[in-house]
Amino acid sequence: MARILVVDDETNIRRVVREYAEFEGHEVFEAVDGMDAVEMVKNNNYDVIVMDVMMPKLDGFSTCKEIRKYKTIPVIMLSARGEEYDKLFGFELGIDDYVVKPFSPKELMARIKVALKRNASKPNDVPEKLTFEGLDIDLAGREVYVDGTKASMTPKEYDLLFFLVKNKNLALTRDRLLEEVWGYDFFGDDRTVDTHIKMLRNSLGPYRKFIVTLRGMGYKFEYNEN
């Protein structure tokens, strides 16, 4: 059973999420705006947060930034806006998923399940430290350095890079990346992978060259030692 915080100013949305989540055995808590959510997170522990973007007092993106100052909790953002810019902005803040309204409650439950599973199984026993020219990757410490400077990356960027590196020189389809990095294949969208690859390349600077696009297929981390 998980403790789920639902943050939305729409009563009906909160009711629907509560009904489906409680049916699956989860404990649900509600907040009507971002300011309430921040206070609740300060004083309580939650396993995942489902939060609307457009809310009074404090919008979802600003709320996510405030919450990150206190705790690292998986966040699934809900929004009536499906533009790539909004999704990209959310992922840069470190959200785990982005669901466009109107949404299928069953799909949302599946995404919550994935977020919970991934958060519970983050690798912490991998000792490898890898170097590719000026790119240093600490898999166990989840740190990346570009020419000696620590890169600031979102959790999903780390997950994506680490999976690519662990499968160095192997061709990986978008579906495979969705399944392994996000934990699902049916609910995934190819654009989710492409958006995160774009973000990751920006974070890697000159070493973006190692992430090669395989036209019509996917990507691979390409590095050949001389």
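1. For residue classes, Ala, Val, Leu, Ile, Met, Phe, Trp, Tyr, Cys and Pro count as nonpolar, Asp, Glu, Lys and Arg as charged, and the others, Gly among them, as polar. By this scheme, the lining of the largest cavity has five nonpolar, five charged and no polar residues.

2. The model is predicted: local features need pLDDT of at least 70, side-chain atom pairs count only at pLDDT 80 or more, and totals for chains, interfaces and linings use all residues. Residues are numbered from 1 along each chain as its sequence is written, and side-chain values use heavy atoms, with hydrogens and water left out.

3. A search of the whole structure gives one cavity of 30 Å³ or more. A cavity is a set of points on a 1 Å grid over the protein atoms alone where a 1.4 Å probe fits but cannot get out; lining residues have an atom within 4 Å of a point. Grid points are joined across faces, edges and corners, and the volume is the space filled by probe spheres set on the points. The largest cavity holds about 70 Å³.

4. Ten residues line the largest cavity; Asp96, Val114, Ala115, Lys156 and Trp182 lie nearest its centre. Helix H5 (residues 105-120) supplies the largest share, four residues. Helices (H or I, at least four residues) and strands (E, at least two) are DSSP runs, numbered from the N terminus.

5. Phe132, Tyr207, Phe210, Phe221 and Tyr223 form one aromatic cluster. Both Phe132 and Tyr223 are buried, meaning under 20% relative accessible area (1.4 Å probe, protein chains only).

Methods: Buried means under 20% relative accessible area, exposed over 50%, partly exposed in between (1.4 Å probe, protein chains only). Rings of Phe, Tyr and Trp (its six-membered ring) pair if their centres lie within 6.5 Å; planes under 30 degrees apart count as stacked, over 60 as edge-to-face and the rest as tilted. On a 1 Å grid over the protein atoms alone, a cavity is a set of points where a 1.4 Å probe fits but cannot get out, and a pocket is an open set with protein on both sides within 12 Å along at least five of seven lines; lining residues have an atom within 4 Å of a point.
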